[in-house]
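I opened my notebook to jot down what I looked up in this structure. The entries follow in the order I made them.

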Amino acid sequence: LIPGDVELDVVAVKNGPETADSIYDVFLMDMFIFEAGLSAEADGCDAVCIDTVSDSGMKPLRSRLGIPVVGPGQVACHVALLLSEKFSFLATWGKWEPIYRKIAHEYGLSHRVASIRSPDLPPDLANLITDEETYLPPLLEEAEKAISEDGAGSIVLASTTMWQAHDYLQERLDVPVINPGVWSFKLAELFVRMGKSQSKRDFPPPPKPVDERIFAALAARTESS
């Protein structure tokens, strides 16, 4: 899926929460993902893809950077609605439901969400879905309920870490299954090739950015503690 003329640079955040189970956690994700993306344009990158369906840090980065900044949550929701009338989020863990309700509300799509389904399996953040027997059949069962009971016309995988489930589910379901990470990458590539980026009318840049000062002070405080 990565063309020969495209170079992919993976940048890890310097810090962040252990999980994403609360508003506090999501706030920290916003902050440190924003920090991780700050240097992308200066480093010669042509676009930024946020690697979480929560789209953490996306809007601040759109304000701060001139290159396109793409969030997989926003992309996946809209791709699903290009292919269906309603979609369901399919997650591994029920505690993350507020994140999906939040992004659907922010994008004005709450009325197009058929349901948010999960087998409520605590995530293995180290191994993700490598234990297929534990995760894949329960995910399939919840997806089938989303379609037959909730009226979902498509299924959105609720995390970029769920990519391993895509082929398994798509082979067994008669509706589109949307893999957010892949779609956001391809859309970012398309924006670059078409010469498009976010509107600076809607995402105006700060007149005097202070991010370097703030994050330097935060790092110094962390090192001294």
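Helices (H or I, at least four residues) and strands (E, at least two) are DSSP runs, numbered from the N terminus.

Before going on, I noted that this is a predicted model, in which local features need pLDDT of at least 70, side-chain atom pairs count only at pLDDT 80 or more, and totals for chains, interfaces and linings use all residues. Residues are numbered from 1 along each chain as its sequence is written, and side-chain values use heavy atoms, with hydrogens and water left out.

**Entry: helix α3**

Next I checked burial (buried means under 20% relative accessible area, exposed over 50%, partly exposed in between, with a 1.4 Å probe and protein chains only). Nine of the twelve residues of α3 are buried, so the helix is largely enclosed by the rest of the structure. Among them are Pro 72, Gln 74, Cys 77 and Leu 81.

**Entry: the cores**

I then looked for nonpolar cores, meaning sets of buried Ala, Val, Leu, Ile, Met, Phe, Trp, Tyr and Cys residues joined through side-chain atoms within 4.5 Å. Which residues of the largest core touch the most other members? Out of 40 residues, they are Val 48, Ile 50, Val 69, Phe 87, Phe 89, Tyr 100 and Val 156. The largest share of this core, six residues, comes from α3.

Leaving aside neighbours within four places in sequence, Phe 89 is in contact with residues including Cys 77, Tyr 100, Arg 117 and Val 156. I also found a second, separate core of 18 residues, which includes Ile 129, Met 162, Ala 165 and Leu 173.

**Entry: helix α7**

The buried residues here are Pro 180, Ser 184, Phe 185, Ala 188 and Glu 189. Seen down the axis of α7, they fall within an arc of 165 degrees, so they line one face of the helix; the arc is that of the directions from the helix axis to the C-beta atoms. They pack against β1, β2, α3, β5 and β6. Just after α7, I saw that Gly 195 takes a positive phi of about 70 degrees.

**Entry: salt bridges**

My rule was a side-chain nitrogen of Lys or Arg within 4 Å of a carboxyl oxygen of Asp or Glu. How many salt bridges does the rule give? The count comes to 14.

I looked at Asp 211 and Arg 64, whose side chains meet in a salt bridge at 2.6 Å, N to O. The pair links distant parts of the chain, with Asp 211 in helix α8 and Arg 64 in helix α2, 147 residues apart. Is Asp 211 buried or exposed? At 9% relative accessibility, Asp 211 counts as buried, while Arg 64 is partly exposed at 28%.

Then I turned to Asp 150 and Arg 117, which meet at 2.9 Å, N to O. Asp 150 is in the loop between α5 and β5, and Arg 117 is in strand β4, 33 residues apart. Both belong to a network of salt bridges that also links Glu 141, Glu 142, Lys 145 and Glu 149. Within helix α5, Glu 142 and Lys 145 are three residues apart, separated by about one helical turn.

How values were computed:
Contact means heavy atoms within 4.5 Å.
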